[in-house]
Amino acid sequence: MSADARRVALPAGFARRDGELCCDGFPVTRAEARVRAAWPDAEAFYLYSAAQIAERVRRFQAAFAPLAAHVAFALKANALPWLLARLARLGVGADVVSRGEMLLAEQAGFPLSGCVVNGNGKTRAELEWAVEKAPHSVNVDSAEELEALAARARDRAAAVRVALRVNPAIVAPGHPYVATGSAEAKFGLPPEAALAALERSAEFAPVRVDGIHLHVGSQMLDPRPLEQALDFALRFRARAQERGAAIRLINLGGGFGVDYARGRDEFPLEDYARRWAQRVAGMELEWVLEPGRWLVAPAAVLVARVLWVKRQGARRVVVIGAGMNDLLRPALYAARHRIECVAPRPGPPEPAMVVGPVCESADVFDAEALLPPLLPGDLLVLRDVGAYGSAMASNYNGRGRLPEVAVEGGALRAVRAPESPQDLARGACDREL
């Protein structure tokens with residue numbers, strides 16, 4: 001079989017050809033060589049698959065097409081401008097939670113009519129943006145916020161559509177930091193308070209209050225909490241109707257999970273969407289979804305050079321060029337990403353503690369990764385880092401953010417330059433205000 005034939009046979013995303021990991025058919029070793037040629041000090045970088053992004057969007061849109069659901073990508077997952085521009089071209093809307101994300105969404109080409117405004121602590125500037133730009137909808141987190149939004153809308157005689165974020169007291173499995181729908185969560189209104197606001201909806205004109213928003217948590221592989229959220233939404237709608245309040249829009253947020261640790265289990269997207277559509281058939285409702293992680297997490301890897309390999313007694317410790325400041329999820333959520341060799345050396349695999357160079361004991365990516373023999377200069381990848389990877393990066397320990405590159409149409413593109421030590425010093429000031 002020719003090299004071209006093998007390249008065509010590879011699926012979208014990350015797969016091996018002749019034992020070596022490739023991104024959309026482009027060898028990761030070749031990508032690393034080009035990154036090092038452009039930025040000689042780069043010890044790690046993010047690598048994206050444009051084809052995988054397009055394939056994930058296609059699947060999501062097809063699954064929920066029977067519901068005619070409006071899909072708004074959660075920019076908090078990854079606000080890389082290159083990625084946002086591709087999502088906008090694929091017909092996805094934007095879910096924004098800050099003035100910065102609002103600007104990024106506009107610059108990426110998302111139609112304002114497709115933007116969903118979120119957040120439990122909206123600033124005056126963010127409320128004014130919502131009134132001025134007439135987005136798809138605003139998810140309001142409190143009665144006080146609704147009053148403030150209505151006052152600004154009246155001043156401008158601007159129509160704004162609102163969905164009230166309701167706290168359904170649904171406990172989702174997983175890390176408590178990503179559980180957002182429990183009774184203890186900081187988000188949303190209690191059901192009775194939301195019903196009271198809906199009863200007064202006419203008082204908030206020109207704001208149109210005819211929707212509810214639920215988001216019970218993130219990173220769910222089991223659909224049952226999301227099904228509970230749908231049950232709650234439909235019961236809540238019936239209660240609102242009994243009080244003379246009409247609900248026409250239901251936003252069920254996101255939460256669709258990714259199997260980071262094994263890469264085998266998958267959220268049953270198509271089956272979940274099919275059962276949802278059957279459940280609500282004939283109901284005259286508009287639906288909104290806010291996926292983030294599911295669309296983009298599998299579309300990127302973090303490529304890092306091995307810096308050192310040492311022994312601590314019987315334990316092998318592998319120090320790589322990426323740290324917890326580059327990928328925070330393992331330290332913050334105890335998340336475990338699959339770690340692989342780009343071009344494995346021959347020899348039996350053995351456990352390795354894979355760590356970064358940051359001066360923190362939490363800077364551990366995997367305490368027991370099963371890896372073949374390694375030497376300094378070898379390349380490792382951490383899989384499924386397209387969501388909450390570079391988006392959560394910091395400059396801790398004086399470390400600049402990493403370069404980001406993408407394979408698109410068979411070519412390697414630089415989509416974000418790294419930060420140099422000089423970049424970190426820019427913007428410093430010492431002056432009286």
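User: Hi! Which side chain does R208 join in a polar contact of 3.0 Å?
Analyst: Hello! That partner is D210: the side chains of D210 and R208 are joined by a polar contact of 3.0 Å. Keep in mind that this is a predicted model.

User: Thanks. Which polar contact joins the side chains of D210 and R161?
Analyst: A polar contact of 2.9 Å links the side chain of D210 to that of R161.

User: Where is D210 found, in terms of strands?
Analyst: D210 is part of strand β10, which covers residues 207-213.

User: And is D210 buried or exposed?
Analyst: Buried. Its relative accessible area is 2%, and the cut-off for calling a residue buried is under 20%.

User: What else does D210 touch, leaving out residues up to four places away in sequence?
Analyst: Besides R161, D210 touches V162, A246, I247, R248 and L249.

User: Okay, switching to R56. Which helix is R56 found in?
Analyst: R56 is in helix α3, residues 50-63.

User: Is R56 buried or exposed?
Analyst: R56 is buried too, with a relative accessible area of 9%. Leaving out residues up to four places away in sequence, R56 touches E266, W294, L295 and P298.

User: Now Y272, please. Where does Y272 lie?
Analyst: Y272 sits in helix α10, which runs over residues 269-279. Y272 counts as buried, at 4% relative accessibility.

User: Which residues is Y272 in contact with, beyond its neighbours within four places in sequence?
Analyst: Those are F64, P223, L226, E227, F256 and F267.

User: What separates the C-alpha atoms of Y272 and A62?
Analyst: They are 12 Å from each other, while the two residues are 210 residues apart along the chain.

User: Let's zoom out. How many helices and strands does the protein chain have?
Analyst: There are 13 helices and 20 strands. The radius of gyration is 23 Å, close to the 22 Å from the globule rule for 433 residues, so the chain is as compact as a globular protein of that length. Along its principal axes, the C-alpha trace spans about 70 × 60 × 45 Å.

User: What share of the 433 residues is buried?
Analyst: Buried residues make up 54% of them. As for contacts with a separation of 6 or more, 70% are between residues 24 or more positions apart.

Notes. Residues numbered from 1 in each chain as written. Predicted model: local features only at pLDDT ≥ 70, side-chain atom pairs only at ≥ 80, totals over all residues. Heavy atoms only, no water. Helix = DSSP H or I, 4+ residues; strand = E, 2+ residues; numbered from the N terminus. Rg over C-alpha atoms; globule rule 2.2 N^0.38 Å. Buried < 20%, exposed > 50% of the residue type's maximum accessible area, 1.4 Å probe, protein only. Contact = heavy atoms within 4.5 Å. Polar contact = N/O pair within 3.5 Å; in protein donor to acceptor, adjacent residues only side chain to side chain.
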